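Me: Please walk me through how to read a few features here.

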Amino acid sequence: MSKRWLYAVWVVFIGAFAVLHALNLAADFPNHTAWHLDWAKYTDEGWYGNAAIRAHLFGHWYVPGDFNPAPAVPVWPFLEWILFFFTGVSVEAARGLAVAFFFANLLLCYTLLRPRGPKWMALLALTLMVTSPFLYAFSRLAILEPMLTTLLLVALNLTVRLPRMKKPLIASATVGVLFTLMMLTKTTAIFLLPALGWAMFVAFRNSFQDPFERRADSPDRARSSFHAWIQPCAARCAVVAFAAFAVTFGAWIALVVGFGYLGDYKYLLFINKYVKPTEFYWPLLSFWWSVRGLMWVDHILIPLCEVLIGGVFGAALISLKRTGANARLLYDPVFGASILAAGGYILFMTYQNHPQPRYFALVAVFCFIIVAMAAEKLVAQAGPSRLLGWGAIAVVAIAVGLNSVQTVSFAAHPEYTFVTAARQLATYIDQHPNGNRLLVSISGDEISLITHVQTLCDDFSMQTPTLPDVGTKLAIYKPGWWATWNDVDPGTLEDIHTHYSLEQVASFRAFDDPDRNVLVLFKLHPLPNGQARLIDGGNLQAPLPGDKISIPLE
C-alpha cells in the first residue's frame with residue numbers, strides 16, 4: 001500500500017473518531033470515570049449560557065440578584081443566543097456548539113503543525129485528540145474550554161506567521177483582538193498570555209527571510225538588512241497587539257461599567273477565589289495538586305509528555321553551545337508556546353488552589369502537540385535519539401489503542417439519566433401546581449436548558465441594596481419549588497426558612513457520583529400571613545415544624 005493510501009486511511013480513522021463526538025449529544029457526561037467529581041456536568045453548561053437561555057425563553061437575559069456571568073464572559077452566551085434562533089433552546093444545540101469548536105481545534109492544530117514537520121506529525125497530534133476519552137468527555141459539554149482553546153490556536157496560527165506576512169501589523173492587531181475574545185470567554189486566559197508572547201518573540205527571532213533579502217547585494221548585507229528590519233518590526237507588532245487588546249478590552253469594561261454591571265463582573269471573580277491554606281508553603285502543595293491533576297488527562301501520554309519535555313531540555317543544556325535538534329525544537333515557537341500554554345494553566349490552578357478536571361481540557365490539547373513534535377524530532381535524528389523516538393511512538397501507539405477502546409465504549413453506551421431526571425422533575429412540577437412555576441436550585445440553569453422551566457440559583461446571588469441576600473431574593477421572586485442533590489445544605493436551608501417551609505415531594509436518580517446522584521424536589525410553602533423568620537445563630541439551619549424533609553443535612 002502506498003504512503004498516500006496509508007495517509008488516506010489514517011485521515012478516515014481520525015474523521016470517524018471525530019464524528020463520535022457529535023453523536024448522542026443529550027447523553028450524560030460518561031459515568032463511572034475518574035472525572036465524576038467535576039461539577040461542570042451539573043451546573044456550568046447552564047450557568048455560562050444562562051443569558052442566552054433566559055433571553056430566548058423568558059424575554060430577558062439578566063436577573064437582578066442572581067448569578068449573571070455574561071458581563072464578564074459574554075462571548076459564549078452571545079454565540080448561543082445566535083444559535084438558539086435557528087435550533088431553539090436545547091442542551092443538544094449548546095453541546096453541538098462546543099463540538100463544533102472541537103472540530104475547529106482539530107483543523108487549527110493541523111494548520112499549526114503541518115508547516116513544522118512531516119504530515120504524520122500533525123496527524124499524530126490529531127489522533128491523540130480524537131481518541132482521548134478525556135477530551136471526548138469534556139469536548140461534548142457546553143463549557144468554555146473548547147472555545148478558549150480554539151481562540152488560542154487561531155491566535156498562535158497568526159502569531160507564528162507574522163514575520164512572513166506582508167502586513168504584519170494588521171495581523172498583530174487581530175491577535176490583540178483575539179486575546180480580548182479569550183479574556184471575554186474565560187478570565188483565566190490571562191495565564192495564556194506568556195504563550196502568545198513567546199510565540200511572537202521566537203517567530204521573529206527564527207526568521208531569516210524577508211522581502212528585503214532579495215534586494216541585498218550579499219548574504220552578509222542581506223542578514224544585516226534583515227535584522228535592521230526585523231527587530232523594530234517585532235517590537236511594533238508587540239505594541240500593536242497590546243494596543244488592540246487594551247482598546248477592545250477597555251471598551252468592553254467601559255460598557256460594563258456604564259450599564260451598571262461591574263458588580264456582576266467582580267462577583268464572577270469573587271466566587272472563583274478559593275480559600276488558601278495558612279501555611280506559607282501552600283503554593284508548593286497547590287502546585288503539586290495541580291501537576292498530579294494532569295493524570296486525569298491520560299495515565300500514559302502525560303508521563304510520556306513530561307519525559308519528552310525533560311529530555312529535550314536536558315539534551316539542549318548538554319549541547320548548549322551547539323545548534324542541535326533539541327535546541328532547535330526548544331526555539332520552535334509552537335513547541336515553546338505549547339509548554340507555556342499548558343504550564344500557564346497549571347499556574348492558574350496553582351494560584352486558585354482548586355484544580356478541576358475540566359480545566360485540563362485545554363492543557364490536554366497542548367500536551368498532545370508536545371508529544372507529537374518531540375517524538376517526530378527524535379525520530380528524525382540519528383543514533384540513540386532515533387531509537388528513543390521510535391520507543392516514544394510505540395508508547396503512543398499503545399495509548400492510542402487503549403484510548404480508542406475506551407472512547408468507542410463511551411460512544412456506544414450512552415446514558416440519559418440527567419436529561420431524564422430533569423424532564424421528570426419538570427413533568428412533576430406541571431402536574432402538581434404550587435404557586436409560581438419557578439424553581440430554585442444550584443443546577444437551575446442546567447435544568448432550564450433541558451426543560452425550559454424558569455429557575456433561580458440558590459448558591460450564587462450577587463448582592464445589591466434591594467437584594468442583600470438569598471432570603472430576600474426568594475421573598476421577592478416567590479418561587480414555588482426547590483431542588484437539591486442528595487442532602488440539604490444548612491446555609492441554603494437557613495435562607496429558605498426565612499420565608500418558607502419545605503415539603504419533600506419527589507426524587508430522581510441521575511449520574512454516578514455517590515454524593516450527587518439523586519435530584520430531590522421540594523415544594524416551597526410561604527409562611528402564613530407573609531411573615532418572616534429572623535436568623536439567630538443557627539436557629540434556621542435544621543428542619544423546623546411544618547417541614548417534611550427525609551434526606552439528611554449536609
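**Reading the features**

Me: Where is N529 found?
Reply: N529 sits in the segment after β5 (518-526); strands (E, at least two residues) and helices (H or I, at least four) are DSSP runs, numbered from the N terminus. This is a predicted model: local features need pLDDT of at least 70, side-chain atom pairs count only at pLDDT 80 or more, and totals for chains, interfaces and linings use all residues. Residues are numbered from 1 along each chain as its sequence is written, while side-chain values use heavy atoms, without hydrogens and water.

Me: Does N529 count as buried or exposed?
Reply: Buried means under 20% relative accessible area, exposed over 50%, and partly exposed in between (1.4 Å probe, protein chains only). N529 has 81% relative accessibility, so it counts as exposed. Its phi is positive, about 60°, although N529 is not a glycine.

Me: And N353, buried or exposed?
Reply: With a relative accessible area of 13%, N353 is buried. Its phi is also positive, near 60°, in a residue other than glycine. N353 lies in the loop between α16 (333-352) and α17 (360-379).

Me: How many residues of α8 are buried?
Reply: Of its 15 residues, 13 are buried, so to read α8 is to read a mostly covered helix.
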